[in-house]
Every structure is written in C-alpha cells, then in structure tokens.
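Me: I would like to go through a structure with you, starting with helix packing and then turning to salt bridges. Could you take my questions one at a time?

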Amino acid sequence: MNIGMFIIILAMDMATKYWAYNYLREIGSIPVIENIFHLTYVENRGAAFGILQDQRWIFIVVTIATLLFILWYLRQMDPEIKILKIGLNLIFVGAIGNLIDRIYLGFVIDFIDFRIWPVWNVADMAIVVGTIITIGVIIFYEKAIEKGL
C-alpha cells in the first residue's frame, strides 16, 4: 500500500466532504460554470448512480469484503506489475472514503456535478481511475509485463 497516496487522497476526500456538508448543504448548489459544472450537495443513500437506495448495510459488508480481497490480492500479486498496484490502491482508498461516510453518516456525500453525469466525490474519482487502470492492466497484461509496468 502506498501510504503517501492513501493519506493525500483520503485527506482530500474527507476535507471536501466536510466542506460540502458544513457549507454547501445549506446552499444546495453553486454554479461554477452555469449549466455545465456545479457544486451540488447530495446525500447518496445508494450505490453508483443512486441504485439500491437505503441498502446501507449491504454496501458496508460488500465494501469490507472488497477491501479484504484487495489487501489479500496485493500481497499475492506479482510485484513487477506496479501500475496494477496503483490501480488497486486507488480503488482501496476510494472505498475507504465512502465507507467512512456510510458508517458515520448513513449516506455518502457527493458534490461534484457536471450536469450530464450523476453527482460524485473525490473517493468516486479514485475508484473510477483505479478501476480503469486495473481493467487496462487486465486487458494489456502481457504488454504491461514486457514494459515493466
């Protein structure tokens, strides 16, 4: 686990969610670029895109199982595939960020709103980027090994 990356991303996630909860919640939404990019406070009680609303305990259990699997896999994986380690670390820290919200608040705070996509947060960004990296490594595994990534 890359501790530096973990701390920076988790701190950014927690700080921005703290700001959204304490300041943006009262306002609702702030247009940064009108009709394109807004900061909009949302309490997401579901999963991605708001599916499975109010299934908090299912998400907590699935997240903990996922985190345990990632920890196990990081110990088992080929250490030569550094990019995969980065991808899994990003998924891990993003899952931790959203898990903290679910445990302590009962919902995940989202606030980044591009108006053409559901509202999301820093933890979601880490999960998406980590997933793209992980899928890319899986698809291009042979080339990643050859290049020492």
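The questions and answers below concern helix packing and salt bridges.

Me: What kind of model is this, and how are residues numbered?

Reply: This is a predicted model, in which local features need pLDDT of at least 70 and side-chain atom pairs count only at pLDDT 80 or more, while totals for chains, interfaces and linings use all residues. Residues are numbered from 1 along each chain as its sequence is written, and side-chain values use heavy atoms, with hydrogens and water left out.

Me: At what angle do H2 and H3 pack?

Reply: Helix H2 (residues 56–76) packs against helix H3 (residues 82–105) at about 155°, and their axes are 10 Å apart. H2 is therefore roughly antiparallel to H3, a label for angles over 145 degrees, with under 35 being roughly parallel, 65 to 115 roughly perpendicular and the rest oblique. Axes here are lines fitted to C-alpha atoms over the stretch in contact, and angles run from 0 to 180 degrees between N-to-C directions. Helices are DSSP runs (H or I) of at least four residues, numbered from the N terminus.

Me: Which residues make that contact?

Reply: With contact meaning heavy atoms within 4.5 Å, H2 contributes residues including Phe-59, Ile-60, Leu-67 and Tyr-73. Among those from H3 are Leu-88, Phe-92, Leu-99 and Arg-102.

Me: Changing topic, how many salt bridges are there?

Reply: The count is 4 salt bridges, each being a side-chain nitrogen of Lys or Arg within 4 Å of a carboxyl oxygen of Asp or Glu. One of them joins Lys-17 to Asp-13, with the closest N and O atoms 2.9 Å apart.

Me: Where do Lys-17 and Asp-13 lie? Are they buried or exposed?

Reply: Both Lys-17 and Asp-13 lie in helix H1 (residues 3–27), 4 residues apart, about one turn of the helix. Lys-17 and Asp-13 are both buried (buried is under 20% relative accessible area, exposed over 50%, and partly exposed in between, with a 1.4 Å probe and protein chains only).

Me: And what does Arg-45 pair with?

Reply: Arg-45 forms a salt bridge with Glu-43, at 2.9 Å from N to O. Arg-45 counts as partly exposed because its relative accessibility is 31%, and Glu-43 is partly exposed at 31%.

Me: What about Asp-113?

Reply: The side chain of Asp-113 meets that of Arg-115 in a salt bridge of 3.2 Å, N to O. Asp-113 is buried at 7% relative accessible area, whereas Arg-115 is partly exposed at 42%.

Conventions
Helix = DSSP H or I, 4+ residues; strand = E, 2+ residues; numbered from the N terminus.
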